[in-house]
Amino acid sequence: MTLRGRGLGCGELGDLRLSLASVQSPRIMLKAKPERKLAKQICKVVLDHFEKQYSKELGDAWNTVRDILTSPSCWQYAVLLNRFNYPFELEKDLHLKGYHSLFQGSLPYYPKSMKCYLSRTPHRMPSERHQIGNLKKYYLLNAASLLPVLALELRDGEKVLDLCAAPGGKSLALLQCAYPGYLHCNEYDSLRLRWLRQTLESFIPQPLVNVIKVSELDGREMGDAQPETFDKVLVDAPCSNDRSWLFSSDSQKAACRISQRRNLPLLQIELLRSAIKALRPGGLLVYSTCTLSKAENQDVISEVLNSYSNIMPVDIKEMAKTCSHDFTFAPTGQECGLLVIPDKGKAWGPMFVAKLKKSWTT
């Protein structure tokens, strides 16, 4: 991972598959069981590092979180239905299999056009193949990755920036919520940019794709390139990505990643500064990561709030209350921040979400 690159994404199945594909080695064996799931190798260097850090930051909750993160057979996958090629028969089948609708309309902002189903069990549907000219019917993801999308409260006609957009799951989810007047999807890493374009082509009809701008800028330069342009900005920042890091097969690379981890908060803060420049006064900004790390989550938000007199925290505690049926949250000490932690029967996350607003006065 380079600090200028996007890094592995936050909570989308595609990210998980990419990270696992990159760490395959002869040690990865098929279990001699009917389900034939991959027995992935846990990296002791990373696990030891997490033990030291997260036992302090999460306390007793870390024991359960560790058990879930190190047991991929317990991981759950949500099914986000595509409004642009709606799978009515699949929806019926999901109901028959015991899936239920995420949030079930309990959130103040939850558009009827977004339909996401999840199961209490680790059952995973097969991914659909990419076929040119045919829109996919559903997208598999970590259900917690929808929280930052919903926190953004997208409305029809708004100008939106997805600053670190690949592989495209959150951009796709935003388009399930509303029809923005302008959606700018940015991704600095060229490989991941191709992945982003393919996701958009696979799920979004061509007329709508034509009004989505895709760029390859360093996210830290976006604010200067388009100052005070956007009503809403999503910063799904490069982060440690705890799930994938635990399965790094190369101990030396893992040690290098841990060393680089100390520099990630600086990059995250620089991306947020750029996003703030790109946000119009009165606009909303949502910051998210898929790590448990306080340094990359609460500390980054505290630094931004302490640095800007015109950036205000937005209380999202109510979101945690209404989502507690499906997610387990750890205390963050911030009214504007939520941290989803993996739990038994609720194996979603890690996912940190923080919501900020740019005031009209500086």
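This is a predicted model: local features need pLDDT of at least 70, side-chain atom pairs count only at pLDDT 80 or more; totals for chains, interfaces and linings use all residues.
**View 1**

**View 2. The contact of helix H2 with helix H11.** Helix H2 (residues 44–58) and helix H11 (residues 251–261) have axes, fitted to C-alpha atoms over the stretch in contact, that come within 9 Å and cross at roughly 30°, which makes H2 roughly parallel to H11 (angles under 35 degrees). Contact, meaning heavy atoms within 4.5 Å, is made by Val-45, Val-46, His-49, Phe-50, Gln-53 and Tyr-54 of H2 and by Ser-251, Ala-254, Ala-255, Ile-258 and Arg-261 of H11.

**View 3. The nonpolar cores.** A nonpolar core is a set of buried Ala, Val, Leu, Ile, Met, Phe, Trp, Tyr and Cys residues joined through side-chain atoms within 4.5 Å. The largest has 56 residues, and those with the most contacts inside it are Leu-102, Phe-103, Met-114, Leu-150, Ile-204 and Phe-327; helix H6 (residues 169–177) contributes its largest share, five residues. A second, separate core of 50 residues includes Val-46, Leu-69, Trp-245 and Phe-247.

**Notes.** Residues are numbered from 1 along each chain as its sequence is written, and side-chain values use heavy atoms, with hydrogens and water left out. Local features need pLDDT of at least 70 and side-chain atom pairs count only at pLDDT 80 or more, whereas totals for chains, interfaces and linings use all residues.

Conventions: Axes are lines fitted to C-alpha atoms, for helices over the stretch in contact, and angles run from 0 to 180 degrees between N-to-C directions. Helices (H or I, at least four residues) and strands (E, at least two) are DSSP runs, numbered from the N terminus. Angles under 35 degrees count as roughly parallel, over 145 as roughly antiparallel, 65 to 115 as roughly perpendicular and the rest as oblique. Buried means under 20% relative accessible area, exposed over 50%, partly exposed in between (1.4 Å probe, protein chains only).
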